[in-house]
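Biologist: Could you put the model up so that we can go through it together?
Modeller: Here it is.

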Amino acid sequence: MKTLDVITIGRASVDLYGAQVGGRLEDMRSFGKYIGGSPTNMAAGTARLGLKSALITRVGDEHMGRFIREQLQREGVDVSGVVTDPERLTALVLLGIRDQEQFPLIFYRDNCADMALCEDDIDADFIASARAVVATGTHLSHPRTEAAVLKALRLARDSGARTALDIDYRPNLWGLAGHDAGESRFIASPEVTAKLQSTLPLFDLIVGTEEEFHIAGGSTDTLAALRAVRAVTAATLVCKRGPMGAVAFTGPIPDDLDAGISGPGFPIEVFNVLGAGDGFMSGLLKGWLDDRDWKTALTYANACGALAVSRHGCAPSYPSWEELRFFLERGVRVPALRHDAALEQVHWSTNRRGDWPEMRVFAFDHRKQLEDMAEELGADPKRIGAFKRLCLAAALAVKGDLDGYGILCDGRLGPQALYDAAGTGLWIGRPVERPGSRPLELEIGPDYGSDLAEWPTEHVVKVLCFYHPDDEPEMKRQQEERVVRLARAARANGLELLLEVIPSKVGPVGDDTTAAVIQRFYDLGVYPDWWKLEPMTSAAGWEKTCAAISRNDPHVRGIVVLGLDAPADRLRASFEVAAGFDLVKGFAVGRTIFGPSARKWLAGEIDDAAAVRAMREAFVGLCAAWDAARETAAGAKTMGAKA
C-alpha cells in the first residue's frame, strides 16, 4: 500500500525575506522568516493542495532546524525522512524584492546540513511507501548528495513509483558564480550539462524554465535544448515560459514551442518571482498525481504560480486546495492578487497553523478584577503575576499530554506566565482591551501594528467589545473603527484574532441580538478567527448566531463560550445548550475556576500547591461538564438521525 503521494528530496533552508520592498538588500531593516529550498517548498505546497507529502533532507540540531521541522508538521508534511545533523548548521537564504525584475538573494550554504545528505539517509521502505519521488538539480552537484538522490530514484522505480525532476538550476550552487550572484539563473557549463544528462533517463517528468532546459540540453536554443533532452529520455517535458505560461511535450519536440500542450494563463501583477517555480511545481504535481490531463495539470500549475508571484515569501504564498478551486472558479478580479480581500481571506483561513476541534480554555487574563481583589484584601498587587503563573501550572496539569487546551493571559500583569506558556502546546490568547472600557480602548499603543509586531506568532489577539445593535451612532463609530484597525493590524502581523462581544452588559438581548452584532462586524470586513460569546439559554439564539457566522465565513475556527463569573451549575446548564452546535468548540472560563483560590491565596490562607490543586480540580470539573454536554448532544443527534 502506498501511504504517501509524493516524497521530495534535497534542499531545506530558512528564508529570511526582506520586509521592505523596492530597495537594495543592503538597506533591508527587517526580515520575515519562512521555510525555503525547492524540495521543502514543494513538500509544503503539495500538502496544502491535499497530497500526502514527505521530505527527505537534513537540518541542523538548532533552532532553525527545529523551525523547519515544526513548520512542515504544521503544513501536514511527513518529516520522518528529515534527519537532524549534529555537526552542521541549517542553510539560510537572505532574499529581497528590489523591483519586478530584481530579486537579490544570498545563499548561506557552506557545509550546510542538507548537503550532508547521504545514501544511509535513504530508507527503502520509506521510498516504497510513495507514489512519486521528486528530485531537484542542486543535489546532483555533489557526489555525496548525488549518490543519495540516485539511490532514492532507483528504489522508487523498483517500487513502481513515478519520478520527477525540477531542474532548479542555480549556477552558484554548482560553484560557477560567486556568493553575490545568487540571483543568476544561467551560466553555460558542459560539465553541468553532462551531469544532468546522465540522470535524465531516470525520470518520468522533467520540469524547468527555458534557461534550465538550456543547461540540461547544452544549447541556448530552447527547441534544440529540448530535443537534446528528448534524445536521452522519454519523460514528459514541461517548459516554463514566465508570463507566457508553460507547455508540456509528451512526444517528439515540434518546431514551435506553442505547439505543445498548454493551460490557460492568468493576467496578474507580478510582485515576487522567488519561489514561484516551486508553487508551479506543486500545482503540476497535484494534477499529475491525480491523473488529470496535462491541460488541467498545467492550469493548476499556472494558477499556483500566479498566486505565488503575487505575495511575499515562497511557501507561505502557496494556495490551499480550497483556495485554488476558489481562484479557478471566480477568476482574476484584482490583478494585484494580494489586494483581493475575498481571495486573501480564503488564503488566510485555509492555511492557518494547527487544528483546534475542541477548546477548553482557562481564562486568567483578568486585570481589574484581580487588582480590585488585591486592594480589598490589602495584598501587594505585584503578587498577581505570581498567581497567574500558578494558574498556568494548573492549566498545564490538566492538559498533560492531551490536545485541545488553552489559556487566556495578559501581558501587563502576567508576562512571565506568557513566557512560560511558550512551546507547551497550549492555545494562547492575549487581550488588548483596557478592562471595562466603553467605548473600547486598547492597552497597546496607538500604532497597533508596531506593538503587535513584538508578539510571538502563537499568541492570539483577543479583544472584548461591549457592543449592542442599539448603541448610539457615535459609540458605534468609535468601537467599530478600533476593532477594524485592530483586525487589520493582527492580520498584517500574521496573528489570529478572537473577538469577544457582550451585548447583555449594554442593553436587552433576544435571540437575534448576537447574530446582528456578528453580521455588523462581517459587513465591516472583520473576519475573526474565533468568536467568544456569552452563553445563550435558547437554542434559537445559538441557531441564528451560528447561521450568521457560517454564511459569512465557512472557514472560521469556531466559538468559545465565556463564563461571566457564573456558578458552576449555571455554566453546566449553558454548556448543555451550546454543545449541540458544531461551531461551538468549547469554553473560555476564568473566575469560576480561579476566583475562590485567588482570594484565599492573596489573603495568605493557602499556599501555592493548594491554590494549584484547587484550580486544577475546578478546571477538570468544567472540562468534564463540557465533555458530558458534548456527548449528550451527540447522542441526541444520533437518535434524531435514526428517527
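Biologist: Where is aspartate 291 found?
Modeller: Aspartate 291 is found in the loop between helix H8 (276-289) and H9, where helices are DSSP runs of H or I with at least four residues, strands are DSSP runs of E with at least two, and both are numbered from the N terminus. Before we go on, please note that this is a predicted model, in which local features need pLDDT of at least 70, side-chain atom pairs count only at pLDDT 80 or more, and totals for chains, interfaces and linings use all residues. Residues are numbered from 1 along each chain as its sequence is written, and side-chain values use heavy atoms, with hydrogens and water left out.

Biologist: Is aspartate 291 buried or exposed?
Modeller: Aspartate 291 is exposed, because its relative accessible area is 56%, and the cut-offs are under 20% for buried, over 50% for exposed and in between for partly exposed, with a 1.4 Å probe and protein chains only. Although aspartate 291 is not a glycine, it has a positive phi of about 60 degrees.

Biologist: OK, and at what angle do H9 and H10 pack?
Modeller: Helix H9 (residues 294-308) and helix H10 (residues 321-330) pack at an angle of about 100 degrees, and their axes are 10 Å apart; the axes are lines fitted to C-alpha atoms, for helices over the stretch in contact, and the angles run from 0 to 180 degrees between N-to-C directions. H9 is therefore roughly perpendicular to H10, a label for 65 to 115 degrees, while under 35 counts as roughly parallel, over 145 as roughly antiparallel and the rest as oblique.

Biologist: Which residues make the contact?
Modeller: On the H9 side they are Thr299, Tyr300, Ala303, Cys304 and Leu307, and on the H10 side Trp321, Glu323, Leu324, Phe327 and Leu328, where contact means heavy atoms within 4.5 Å.

Biologist: Switching to aromatics, how many aromatic pairs are there?
Modeller: The count comes to 16 aromatic pairs, where rings of Phe, Tyr and Trp (its six-membered ring) pair if their centres lie within 6.5 Å, and planes under 30 degrees apart count as stacked, over 60 as edge-to-face and the rest as tilted. One of them joins phenylalanine 362 and phenylalanine 364, which is edge-to-face because the ring centres are 5.1 Å apart and the planes are at 70 degrees.

Biologist: Are those two buried or exposed?
Modeller: Phenylalanine 362 is buried, with a relative accessible area of 0%, and phenylalanine 364 counts as buried at 1%. Both residues also belong to one aromatic cluster, together with Tyr405, Phe575, Phe587, Phe619 and Trp626.

Biologist: Which residue lies over the face of phenylalanine 271?
Modeller: That is arginine 338, at 3.9 Å from the ring centre, and in a like manner arginine 430 lies over the face of tryptophan 455, at 4.1 Å from the ring centre. A charge sits over a ring if NZ of Lys or CZ of Arg is within 6 Å of the ring centre and within 35 degrees of the ring normal.

Biologist: Now the backbone: which residues does a cis peptide bond join?
Modeller: It joins arginine 438 and proline 439, with omega of about 10 degrees, and proline 439 is found in the loop between strand S16 (427-431) and helix H15 (448-452).

Biologist: Last one, how many residues of helix H1 are buried?
Modeller: In helix H1 (residues 38-48), 11 of its 11 residues are buried, among them Met42 and Arg48. H1 is followed by glycine 50, which has a positive phi near 100 degrees.
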